[in-house]
Amino acid sequence: KKYNVAVVGATGAVGREMLSILEERDFPFENLKLLASERSAGKKMTCKGKEYTVEATTPESFEGVDIALFSAGAGASKKFAPEAAKRGAVVVDNSSQWRMDPEVPLVVPEVNPEDIFKHKGIIANPNCSTIQMVAALKPIYDKVGIERIVVSTYQAVSGTGKAAIDELREQAKAILANEEVKSEVYPYQIAFNVLPHIDIFFDDGYTKEEIKMVNETKKIMGDDSIKVTATAARVPVVYGHAESVNIETKEKLTVSEAKELLDNAPGVSVVDKPEELAYPMQIDVENNDDVLVGRIREDNTIEKGLNLWIVANNLRKGAALNTIQIAERLVQG
Ligand code: A2P
Ligand code: 11C
C-alpha cells in the first residue's frame, strides 16, 4: 500500500531533512504534498527526482492525506494538526504543542514503540535533546533502573531553525572581518559565544527547553519517579547536539557492562576509545543517524553512577528521522 503524505513546514530546516529521509528510506508514498506558510507558496522543491510546488497550509490542504508530518512550529501545529486529524490523517508532530497532552503518545521508536498505536489522530515527536538522551539511556534503564539524571546540553543553532544557521554564519564572517555583529534570532551574539538559554524562561529560573527534557523523559520512559534536572546551552555549532549526562542507577552497572549494553542497543553506537582519542563529536553526526555515546566513566562520588557524553544529529534523529521512523512503524502496523 502507498500513502498520501503531507509535509508541513517543508521549507524549514527540519522539513528539508524530512524530504531527504523520505527519499533515502524509500517511504511508501503515493502523493506528496509540501506545505508551508503563505510566504513560500509557489516555491519548487524536489523529492525522489520529482518537482513539487509548495502550497500555503489551510485546513483543506489535508483532504485525502493519510499521514501528515508537521514541523512548522507549535503555532501551526496547534492550528492545523486537529484539522488534519479531523480529515482522517494521522499527524506525526515535531512541535512542542501536543507532547504533554495525555491523549497524545510521545514516541521514540527505540524506547516506546507500543505507544504509537494508542493515538487518536496525533502522535508527538519529542524534543531533539530528549530523544537522543532517552535512546541512549533506555537500555540502561531496562537493565538496572535509573534513579536520577543530571544533564547539561551543548545544542546546535539548527535547533532554532534556518534563520539561526544564517545568523551564526553571518556573525562569524562579520567578526573575522572586523565588522559590526547583528543579533536578531538570539538576544546576544552566538558566534564565538555560548548562551545558557534555550527557549523561554519560567519564573523558577529554568528554561522551557530544560523542563521539556524533564517532563518528556518521564512520559517516554513511562516512569514519573525518575528524577531529572537539566541545563540547556546553545553553542556555535550548526548541526548536532551534545550532552553531558550523569546518571544514578538503582543497581550497580560497570563501565564495561554499560558499553556492552549500548553496543547492542538499536540506533546507538559506542564511540569510546580514549587511548585512540575516539569520542563522539558534533562533526561526526552531520551524516550519521546514530546516537553516539562515549566518555563512559564511573562516577566515583556515588555508589552507583555513570557519566556519559551523548551526541546526535538534532535535525535527523532529533527530529525528521524520528518522525519518519514513527510513520514507518505506523504503516507497518
Ligand atoms: P516558510 O518557509 O513559508 O516560512 P524553520 O524551523 O527552519 O524556521 O522552518 C519553519 C517552517 O515552518 C518553514 O517551512 C515555515 O514556512 C513553516 N511555517 C512557519 N509558520 C507556519 C504557518 N503558520 N503555517 C504553515 N507553515 C509555517
Ligand atoms: C532547540 N530543542 O535545539 C530545540 C528545538 O521543542 O521542538 C526544538 C524545539 C521543540 O532549539
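Me: Which residues are linked with Glu60 in a network of salt bridges?

Reply: Glu63, Glu83, Lys86 and Arg87 are linked with Glu60 in that network. The term salt bridge is used when a side-chain nitrogen of Lys or Arg lies within 4 Å of a carboxyl oxygen of Asp or Glu. This is a predicted model, in which local features need pLDDT of at least 70 and side-chain atom pairs count only at pLDDT 80 or more, while totals for chains, interfaces and linings use all residues. Residues are numbered from 1 along each chain as its sequence is written, chains are lettered from A and ligands numbered from 1 in the order in which they are written, and side-chain values use heavy atoms, with hydrogens and water left out.

Me: What makes the pair Lys86 and Glu83 a salt bridge?

Reply: The N to O distance between the two side chains is 3.2 Å, and the pair qualifies because the limit is 4 Å. Both residues lie in helix α2 (residues 73-86), where they are 3 residues apart, about one turn of the helix. An α-helix has 3.6 residues a turn, so residues three or four places apart point the same way. Helices here are DSSP runs of H or I with at least four residues, strands are runs of E with at least two, and both are numbered from the N terminus.

Me: What makes Glu147 and Lys227 a link between distant parts of the chain?

Reply: Glu147 is in strand β9 (residues 146-155) and Lys227 is in strand β10 (residues 227-234), and they are 80 residues apart. Their side chains meet in a salt bridge at 3.9 Å, N to O. Glu147, at 27%, and Lys227, at 47%, are both partly exposed. In the whole structure, a search finds 20 salt bridges.

Me: How do you know whether the overall size of the chain agrees with a compact globule?

Reply: The radius of gyration is taken over C-alpha atoms, and the globule rule is 2.2 Å times the number of residues to the power 0.38. For 333 residues a compact globule would have a value near 20 Å, and the chain has 20 Å, so the two agree. The C-alpha trace spans about 60 × 55 × 40 Å along its principal axes, and the chain holds 7 helices and 14 strands. Of the 333 residues, 52% count as buried.

Me: Why is a set of residues called a nonpolar core?

Reply: The name applies because the members are buried Ala, Val, Leu, Ile, Met, Phe, Trp, Tyr and Cys residues joined through side-chain atoms within 4.5 Å. In the largest core, which has 54 residues, Leu137, Ile149 and Leu308 touch the most other members. Helix α3 (residues 128-144) gives the most to this core, with 9 residues. A second, separate core has 34 residues, including Met18, Phe29, Leu315 and Ile324.

Me: What is in contact with Ile149, leaving aside its neighbours within four places in sequence?

Reply: Contact means heavy atoms within 4.5 Å, and the partners of Ile149 include Met133, Leu137, Thr217, Val228 and Ile247.

Me: What makes α5 mostly covered?

Reply: In α5, 10 of its 14 residues are buried, among them Met213, Val214 and Ile220. The buried residues of α5 pack against α3, β9, β10 and β11 (241-249). Just after α5, Gly222 takes a positive phi of about 65°.

Definitions and conventions:
Buried < 20%, exposed > 50% of the residue type's maximum accessible area, 1.4 Å probe, protein only.
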